Amino acid sequence: MERAENPATIVVVEDEADMARLLQFNLQSLGHRVHLAPTAADAVRLVADGVPDLVLLDLRLPDGFGMDLLRDFRAAPRTAATPVIVVSALGDEPTVVQALECGADDVVIKPFRTRELLARVATALRRHATPPEAAAGAATPLAFGPLRMAPDTREASAAGAPVELTRTEFDLLAFFVANPERVFTRRQLCEQALGSAGAILERTIDAHIRTLRRKLGPAGHCLVTVWGVGYRLVDSP
Ligand code: CA
């Protein structure tokens, strides 16, 4: 494994010593600095000492639930934007949806492949190294994989071929292209991509995704379903 482009300071919140050491070893071998927090109290203390570049967060901790820590991080201005990847054995859909809607950048379920976890860490760090775009509101062109989008003229293309999109489809796809490789729940897509809320709209997301996949041709496979959770845009499916 190559060393990371930008070494980061990472807090690993994990009470299982073997798991913590495995994460520490792999992250350090990439050149990252790792601080271990075996309890929620340790995590709070470490983050109070200095805001890390990223937090890996287990959910079941001896002195609390990781989801509460996540909410606290998001509520505090200094850690509101700190990337947090939940790493948990609790892989049921409601837990994953809850973690994403509490502000987790990503969720990795145990047991995981080390290579996969390190890729997710690299993606989260890269994403936070560049300031977030307001998707369709941004004037600068958006690009990811085979997709190109010009928010000012509302033109889109897939693998060089122009694609005709409705306003809603454009806004939805632009949000994915501005936030690639990240899982979003239907609710997040309604609220953040389309600026509207409601259970009925959440169900229409599925229909919009189906239409987008059809219109995008082969590139439509890049819009991946995360079963029971939502959707993610990937480079190669
Ligand atoms: Ca645990």
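Predicted model: local features only at pLDDT ≥ 70, side-chain atom pairs only at ≥ 80, totals over all residues.
Biologist: Thanks! And which protein donors does the calcium ion have?
Modeller: They are Asp15 (OD), Asp58 (OD) and Arg60 (O), at 2.1 to 2.3 Å from the ion. Along the chain, their spacing reads D-x42-D-x1-R.

Biologist: Where do Asp15 and Arg60 lie?
Modeller: Asp15 is in the loop between strand 1 (9–13) and helix 1 (17–29), while Arg60 belongs to strand 4 (residues 60–61). The pair therefore ties together parts that are 45 residues apart in sequence.

Biologist: New topic: which residues of helix 4 are buried?
Modeller: In helix 4 (residues 93–101), those are Thr95, Val96, Ala99 and Leu100. They sit on the same side of helix 4, because they cover an arc of only 130° around the axis.

Biologist: What do they pack against?
Modeller: Their partners are helix 3 (66–75), strand 6 (84–88), strand 7 (106–109), strand 12 (184–185) and helix 7. Just past helix 4, Gly103 adopts a positive phi of about 110°.

Biologist: Now the largest nonpolar core. Which residues touch the most other members?
Modeller: Met149, Leu173 and Phe176 do, out of 29 residues in that core. Helix 6 (167–178) is one of the elements giving two or more residues, and helix 6 contributes the most, with eight.

Biologist: What does Phe176 touch?
Modeller: Leaving out residues up to four places away in sequence, its contacts include Phe184, Leu189, Ile209 and Tyr231. There is also a second, separate core of 26 residues, with Val13, Leu59, Leu61 and Leu100 among them.

Notes. Residues numbered from 1 in each chain as written. Heavy atoms only, no water. Core = buried A, V, L, I, M, F, W, Y, C linked by side-chain atoms within 4.5 Å. Buried < 20%, exposed > 50% of the residue type's maximum accessible area, 1.4 Å probe, protein only. Helix = DSSP H or I, 4+ residues; strand = E, 2+ residues; numbered from the N terminus. Contact = heavy atoms within 4.5 Å. Arc of directions from axis to C-beta. Donors = N, O, S within 2.8 Å, 3.2 Å for Na, K, Ca; no water.
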